Amino acid sequence: MSVVFVITGPSGVGKGTLIRALRERVPELELSVSATTRDPRPGEEHGRDYFFLSDQEFERRVQAGDFVEHAAYSGRRYGTLRAELERLIAGRRPVVLEIELQGARQVRKAMPEAVQVFIDPPSEAALRARLVGRGTDSPEAVDARLQTARSELQARHEFAHHVINDRLEDAVDELEAIVRRCLEETSSVALGSENSIRTGQKDTS
Ligand code: ADP
Ligand code: 5GP
């Protein structure tokens with residue numbers, strides 16, 4: 001049985017950075033590559049960072065039921081492709097999804113056994129500084145992401161696991177501890193149980 005980890009939290013909190021560091025420490029973790037309609041950032045590659053789809057192609061795949069979850073975020077669409085997730089689960093290695101709140105809620109329904117971790121910023125000022133410092137968003141887009149972040153932070157109580165990403169090394173230590181504990185617990189449950197992804201998920205866009 002593959003353990004599926006959902007890492008969520010506001011944009012700019014450091015999810016991508018934490019997951020990169022985590023995968024260096026726990027190399028068997030597989031990262032699910034999402035689909036999006038946003039443009040690639042400099043250095044991003046199709047199939048490695050995201051599957052970059054047109055609006056039409058994304059919608060066609062929504063209608064075809066190709067997504068485990070999908071959501072609108074900052075005017076763009078993002079989603080986890082069922083085929084990608086099933087391929088990784090079939091490899092029997094633990095899988096990480098890095099997704100926003102609406103998607104995490106859909107995965108909670110489709111795969112209640114998935115381990116959901118919310119990454120908290122130390123403060124709103126730190127979150128703004130990270131979004132600005134990353135240099136990938138215009139001032140308007142930073143404001144929009146911060147606006148979304150405020151409502152996402154109100155949902156933090158929905159999550160059993162939390163990591164505050166203040167000092168990066170401490171946060172990676174905490175995330176690694178959660179992941180290793182869950183992997184150990186799962187390896188001690190009965191062999192032979194399989195993952196299943198329930199169907200019928202809809203986004204809230
Ligand atoms: P997300 O994937 O959640 O959108 P990123 O991983 O892209 O966030 O991080 C956003 C910015 O914050 C990046 O420039 C990253 O280098 C920086 N960052 C991440 N974690 C920390 C931290 N603990 N302290 C300071 N800066 C951080
Ligand atoms: P970014 O544009 O910064 O890469 O991502 C914006 C937001 O979309 C982030 O919060 C990121 O976690 C989220 N995201 C990335 N992939 C997916 C996905 O497949 N599904 C959902 N629901 N959100 C995603």
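Reader: Is A160 buried or exposed?

Author: Start with the general idea: buried means under 20% relative accessible area, exposed over 50%, and partly exposed in between (1.4 Å probe, protein chains only). A160 has a relative accessible area of 71%, so A160 is exposed. One thing to keep in mind: this is a predicted model, where local features need pLDDT of at least 70, side-chain atom pairs count only at pLDDT 80 or more, and totals for chains, interfaces and linings use all residues. Residues are numbered from 1 along each chain as its sequence is written, chains are lettered from A and ligands numbered from 1 in the order in which they are written, and side-chain values use heavy atoms, with hydrogens and water left out.

Reader: What do the side chains of T37 and R38 reach?

Author: Think polar contacts: pairs of N or O atoms within 3.5 Å; within protein, one must be able to donate a hydrogen and the other to accept it, and residues adjacent in sequence count only if both atoms are side-chain atoms. The T37 side chain reaches the backbone nitrogen of R77 at 2.9 Å. For R38, the side chain makes a polar contact with the side chain of E44 (2.8 Å).

Reader: How many residues surround ligand 2?

Author: A residue is near a molecule or strand if one of its heavy atoms lies within 4 Å of it. For ligand 2 there are 17 surrounding residues, the closest being S34, R38, Y50, Y78 and E98. β5 (67-73) and β6 (76-81) each supply at least two residues of this shell.

Reader: What classes are in the shell around ligand 2?

Author: Ala, Val, Leu, Ile, Met, Phe, Trp, Tyr, Cys and Pro count as nonpolar, Asp, Glu, Lys and Arg as charged, and the others, Gly among them, as polar. The ligand 2 shell has five nonpolar, four polar and eight charged residues.

Reader: Which atoms lie close to the oxygens of ligand 2, in Å?

Author: A polar side-chain atom of R41 lies 2.9 Å from an oxygen atom of ligand 2. An N or O atom in the side chain of E98 is 2.7 Å from an oxygen atom of ligand 2. As for cover, the protein takes up 96% of the 520 Å² of accessible area that ligand 2 has on its own (Shrake-Rupley method, 1.4 Å probe; for residues, only the protein chains shown count as cover).

Reader: What surrounds ligand 1?

Author: Here 13 residues surround the ligand, with G12, K15, T17, R134 and N165 the closest. An oxygen atom of ligand 1 is 2.6 Å from an N or O atom in the T17 side chain. The protein covers 73% of the 570 Å² of accessible area that ligand 1 has on its own. The largest share of the shell, three residues, comes from α1.

Note on methods:
Helices (H or I, at least four residues) and strands (E, at least two) are DSSP runs, numbered from the N terminus.
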